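Visitor: I am new to reading protein models. Could you walk me through this one, feature by feature?

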Amino acid sequence: MEIKPSACASTFVDKSVVPGDVVVNLSSMSNQTIKLGGGLRQDCDAISVMKAGKLRFSKPNKYWVEGSQKRYVPCVEDTVLGIVVDSRADNFLVDIKGPVLAFLPVLAFEGGTRRNIPKFEVGTLLYVRVVKANPGMNPELSCTDASGKAAEFGCLKDGYMFECSTGLSRMLLASPTCPVLESLGKKLPFEIAVGLNGRVWVNAESPSTVIVVANAIMNSESLSGVQQKIMVEKLLQKLQD
Amino acid sequence: MREEGEEEMVTPGEMLGKASEVKAGKGAYVADYRNSGILCVFSSLNGLRRTVSPSPDSPDQRPTIEVTGHKAHGAVPEPGSVVIARVTKVMAKTASADIMCVGPKAVQEKFSGIIRQQDVRATEIDRVDMHLSFRPGDIVRALVLSLGDARAYHLSTAKNELGVVSAESTAGATMVPISWTEMQCPLTGQIEQRKVAKVGS
């Protein structure tokens with residue numbers, strides 16, 4: 001195996017990397033600060049990859065590895081869809097498809113006091129935000145945004161929830177709007193909530209709309225923008241028949 | 001096994017004498033001999049038995065029989081003793097630790113300790129972030145506050161000389177303390193936050 005002596009980061013950005021690749025050699029760079037996101041590790045003078053995926057760079061100095069998995073690793077400030085598993089005295093236990101259950105404090109709601117604690121049954125679907133995610137500790141969630149307002153967080157009623165990969169959830173949340181959601185939105189009325197942990201919730205008036213939207217999203221993971229539009233149109237035609 | 005002087009090796013359940021003639025001390029108990037109605041003293045540990053003569057002014061003139069097992073000479077944490085412990089789990093409001101030494105002596109059996117959020121430091125105790133004070137695997141010096149509950153002793157690090165004594169960074173190197181809240185990894189230069197103990201004069 002040959003070792004690349006001076007790996008400049010720009011050669012690896014937006015390319016697929018595997019664990020063990022050295023992407024940046026710190027000794028060859030001048031005094032710069034680099035921020036490392038998920039999937040990268042510092043080994044004395046070299047930055048090596050820990051996770052398989054594509055290396056991404058955002059100005060001015062942030063690098064991270066993006067990969068699509070079924071498993072979710074909790075990160076701070078992610079919005080996820082959780083399912084209530086149990087309730088304790090001072091927090092709810094919520095499953096967010098991570099390695100351990102997450103805690104949602106009973107007071108982490110807008111205007112939450114000891115007197116108006118919400119009663120969530122086991123199996124309730126919640127749209128929550130990850131507040132603390134340290135390795136080894138259970139992640140902590142919240143149903144408010146950073147300023148304390150409710151901001152659409154909370155329990156999702158009716159509708160249909162399905163699971164997908166983390167890469168697909170990121171694509172659905174990308175801006176500008178991803179083509180499949182755009183073309184569906186032009187023809188069908190529906191509401192959707194996407195969790196970065198690989199869960200998507202869809203709600204619409206008629207069940208057939210919900211099924212078409214769910215199938216379209218599940219099919220769109222490996223398709224390009226144009227292919228997604230064609231696929232959506234085919235599905236909508238069948239719906240009209 | 002050789003007998004050493006007056007001491008003899010006994011095993012659990014071995015009869016040491018009649019309850020009317022001897023008293024049961026540490027490591028021994030009184031029970032009915034085979035449902036006969038005669039109470040006898042039996043050993044409850046594997047160890048050496050010793051007879052302690054009674055003090056002359058006590059009303060009960062029976063000698064006491066004691067059995068010392070292998071754990072009897074190990075150290076046991078008492079409230080007020082300074083212990084060295086290894087952190088096993090860090091949670092939102094508590095950190096669990098396994099006590100390894102009491103003072104200068106190592107322990108012979110497992111003792112668990114708990115450090116609560118309000119006992120981590122002396123100032124601003126309600127704004128303590130447990131994850132920025134301890135990590136699993138850290139070696140801490142702590143003070144035993146109380147016997148706590150059946151599961152664990154209550155420990156405190158709320159003094160300058162108490163806290164993390166030795167910790168490993170995520171890169172695997174032993175970190176060097178730089179202040180009472182930070183330690184630095186010598187390999188990568190990354191700074192991690194801990195509640196550091198002040199070591200030295």
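Guide: Start with accessibility: a residue is buried under 20% relative accessible area, exposed over 50%, and partly exposed in between, with a 1.4 Å probe and protein chains only. Cys155(A), at 30% relative accessibility, is therefore partly exposed. Cys185(B), at 2%, is buried.

Visitor: What should I know about the model itself?

Guide: This is a predicted model: local features need pLDDT of at least 70, side-chain atom pairs count only at pLDDT 80 or more, and totals for chains, interfaces and linings use all residues. Residues are numbered from 1 along each chain as its sequence is written, chains are lettered from A and ligands numbered from 1 in the order in which they are written, and side-chain values use heavy atoms, leaving out hydrogens and water.

Visitor: How many disulfides are there over all chains?

Guide: First the idea. A disulfide is a covalent bond between the sulfur atoms of two cysteines. The rule here asks for a pair of cysteine sulfur atoms within 2.5 Å. By this rule the count over all chains is zero.

Visitor: How do I get an overview of chain A?

Guide: Count its helices and strands. Both are DSSP runs, numbered from the N terminus: helices are H or I with at least four residues, strands are E with at least two. Chain A has four helices and 16 strands. Its C-alpha trace spans about 60 × 55 × 30 Å along the principal axes. Of its 241 residues, 40% count as buried.

Visitor: And contacts?

Guide: A contact means heavy atoms within 4.5 Å. Take the contacts in chain A between residues at least 6 apart in sequence: 59% of them join residues at least 24 apart.

Visitor: Which residues of H2(A) are buried?

Guide: Here is a general idea first. An α-helix has 3.6 residues a turn, so residues three or four places apart point the same way. In H2(A), the buried residues are Val180(A), Leu181(A), Ser183(A) and Leu184(A). They pack against helix H1 (166-172), S15, helix H3 (207-219) and H4 of chain A.

Visitor: How do I describe two helices that meet?

Guide: Use their axes, which are lines fitted to C-alpha atoms, for helices over the stretch in contact; angles run from 0 to 180 degrees between N-to-C directions. Helix H2 (residues 179-187) and helix H4 (residues 225-240) of chain A have axes that come within 8 Å and cross at roughly 30 degrees. That makes H2(A) roughly parallel to H4(A). Angles under 35 degrees count as roughly parallel, over 145 as roughly antiparallel, 65 to 115 as roughly perpendicular and the rest as oblique.

Visitor: What residues make that contact?

Guide: From H2(A) come Pro179(A), Val180(A), Ser183(A), Leu184(A) and Lys187(A). From H4(A) come Gly225(A), Gln228(A), Lys229(A), Met231(A), Val232(A) and Leu236(A). By class, six are nonpolar, three polar and two charged. Here Ala, Val, Leu, Ile, Met, Phe, Trp, Tyr, Cys and Pro count as nonpolar, Asp, Glu, Lys and Arg as charged, and the others, Gly among them, as polar.

Visitor: What about H3(A) and H4(A)?

Guide: Their axes come within 10 Å and cross at roughly 155 degrees. That makes H3(A) roughly antiparallel to H4(A). Ser208(A), Val212(A), Ala216(A) and Asn219(A) of H3(A) meet Met231(A), Val232(A), Leu235(A), Leu236(A) and Leu239(A) of H4(A). This contact has seven nonpolar, two polar and no charged residues.

Visitor: Now a loop residue. Is Leu188(A) buried or exposed?

Guide: Leu188(A) is buried, with a relative accessible area of 12%. Its place is the loop between H2 and strand S15 (191-195) of chain A. Leaving out residues up to four places away in sequence, Leu188(A) touches Thr209(A), Val212(A), Val213(A), Leu236(A) and Leu239(A).

Visitor: Is Thr33(A) buried or exposed?

Guide: Thr33(A) is exposed, with a relative accessible area of 65%. Thr33(A) lies in the loop between strand S2 (22-25) and strand S3 (35-36) of chain A.

Visitor: Which residues does Thr188(B) touch?

Guide: Not counting residues up to four places away in sequence, Thr188(B) touches Gln42(A), Cys44(A) and Ala171(B). Thr188(B) is buried, at 14% relative accessible area.
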